[in-house]
Amino acid sequence: MEAYLAAIGIIAAVYVLLTLGLTLQYGLTGLVNFGHVGFFALGAYASALLAMQGVPLPVSFAAAAAVAAIAAWPLGLVALRLREDYFAVVTLGFGETVRLAITSERWLTNGVQGIPGIPRLFGGVGIEAALATLAAIALACAVAALMLRRIARSPFGRVIEAIRDNEEALKALGKDPARFKLQVMMLGSALAGLAGAFYAHYIAYLSPDQFVPLVTFYAWMAMIMGGVGRVSGAVVGAALLMLFLEGTRFLRDLLPGLVSEVEMASLRLGAVGLALVLFTLFRPQGLMGDYTRR
Amino acid sequence: MSLLIRDVSRSFGGFRALDRVSLEMPADGLLGVIGPNGAGKSTLFSVVSGFIPADAGTVSLDGRTLDRLGPAARARLGLVRTFQVPREFHHLTVRENLMAAAPGQSGENLLGLFFRPGRVAAEEALTAAAAQDVMDFLRLAPVAGLPAGRLSGGQKKLLELGRALMAKPRLILLDEPFAGVNAVLVQEIAARITELNARGIGFLIIEHDLQALSRLVPRLAVMDRGRVLAAGAPAEVLADARVREAYLGGVVA
């Protein structure tokens, strides 16, 4: 039971990191990034491949964040000139491109067969290692959350929120929105890359089918349920997402013998979707309230 | 030390919005531009502030040509515009709107933010004090903590002016500062503009409200169909036969 809870905690924390990245990009700045999973994947593969070459884990984790941030740079340069809706489409395309590249570059990623035997954090599969991993990722979440809070309440935060509200007006006042948007893209992607590294070294096996667009949209759901533009909302929303995803497993006990395993998986997804619909209907500002009501 | 607009043209499709427009004013002067709808006033503003490129002609400030600079770069040189329909940062408070406009803040740099917190905090205190001064001057202090989206139309116009002031302007391009503003506030805004102009800040003002504008500015230019018909002292310009025909015909005469 402890192992199960630790596992849920670690995956929830991975989603906290992903959601914090989106909170910075969309919640504060208004950038619609539908390709978050691409940066998550880059971080996961970067850290896994480096670690398997014998690179120490702290270094491979840092590299994961750096690779994701660097990947965001050219994408930002090109895509940030586009209108908001086109930007969303380009990022979605980016996420899928990363997945396709991982699938086809077999020499590097072993394609659909995936990479097994990735070194785990704290060297083991026992409960102690899982708890230590949980502590490490919780610490990473806390540091990231505090950093985001500092940003949100700073002059930088004021400018990115101004971008979200009216970019043209900001230009008229002598600020260059592109510079800020690029930094936000890179920093948010670094968080996704870091999340990927934790994920890779916890699951210990990577394959392209783990990096489908659904991952991006789970993070979006977490953000919306928690409260868009709130750092605390990202944390609460990711926890809530996990509650729905895992809680619905137990639906099976309520519907004994009526549904098959496959039907159950669809039911779970349906339940999560229903939760999101109910949230947007009855609590559109999210659990923690969003940036419009402070 | 002047703003020089020379032979500026701009077309949209087949429509010639600006047709070799030339205007000149001292950078610390006060010039009004009037004209009927579609005369090209707003296009002129967008070209001068760098939001729309001109097809031909040149805009320069103090002899430096601005034609290749974007809006942000022009604003940093002191040429700051406002918008006809206020573009407040609606989720930020009035105070935050003003503080966001202050130039050169080291807290806008992520490295500065995390590695020089002392300097950032000291600058923030100065920026907050400057914002307070602007709010006192424009009588916005009572709504300092309100999200800007909840202000009245007139208050939003004042906020637009306030933000421009925070950006350390030399010359402010005001786009219809009196549109949709009640008569009392019109007087108020006009008085503030006069006061700021006396302190050395220039104003180029587009306006529909001919009465208010001709009382405010010593020089007036009249535009019609993309051209400048006449420019000079308000009384002179308004007496001009072409102006009366083109613009005032059925409206004021």
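**Entry one: two helices in chain A.** I began with helix α7 (residues 155-165) of chain A and helix α9 (residues 177-203) of chain A, whose axes come within 10 Å and cross at roughly 105°. That angle makes α7(A) roughly perpendicular to α9(A). Axes are lines fitted to C-alpha atoms, for helices over the stretch in contact, and angles run from 0 to 180 degrees between N-to-C directions. Helices (H or I, at least four residues) and strands (E, at least two) are DSSP runs, numbered from the N terminus.

Which residues make the contact? I found V159(A), I160(A) and I163(A) on α7(A), and P177(A), F180(A), K181(A) and V184(A) on α9(A). Two residues are in contact if their C-beta atoms, placed from the backbone, lie within 7 Å. By class, I wrote down 6 nonpolar, no polar and 1 charged residues. Here Ala, Val, Leu, Ile, Met, Phe, Trp, Tyr, Cys and Pro count as nonpolar, Asp, Glu, Lys and Arg as charged, and the others, Gly among them, as polar.

**A note on the model.** I reminded myself that this is a predicted model, where local features need pLDDT of at least 70, side-chain atom pairs count only at pLDDT 80 or more, and totals for chains, interfaces and linings use all residues. Residues are numbered from 1 along each chain as its sequence is written, while chains are lettered from A and ligands numbered from 1 in the order in which they are written.

**Entry two: another helix pair in chain A.** Helix α2 (residues 36-52) of chain A packs against helix α10 (residues 213-226) of chain A at an angle of about 115°, with axes 7 Å apart. So α2(A) and α10(A) are roughly perpendicular too. From α2(A), the contact uses H36(A), V37(A) and F40(A), and from α10(A) it uses P213(A), V215(A), T216(A) and A219(A). I sorted them into 5 nonpolar, 2 polar and no charged residues.

I traced 6 strands forming an open sheet with mixed pairing, in the order β6-β7-β8-β3-β9-β10 (chain B). Two strands pair if DSSP finds at least two bridges between them. The edge strands, β6 and β10 (227-232) of chain B, each pair on one side only. Inside the sheet, β3 (residues 30-34) of chain B runs parallel to β9 (residues 219-224) of chain B, joined by 4 bridges. I picked out G32(B), whose bridge partner in β9(B) is L220(B). Helix α1 (residues 41-49) of chain B packs on the sheet, and its direction makes about 150° with that of β7(B).

Strands β1 (residues 2-12) and β2 (residues 15-26) of chain B run antiparallel, with 8 bridges between them. One of the pairs I checked is I5(B) with L23(B). The hairpin has 2 residues between the strands, and G13(B) takes a positive phi near 60°.

How many residues of chain B are in contact with chain A? I wrote down 27, in contact with 22 residues of chain A. On the chain B side, α2(B) gives the most, with 4 residues.

Technical notes
Parallel < 35°, antiparallel > 145°, perpendicular 65-115°, else oblique.
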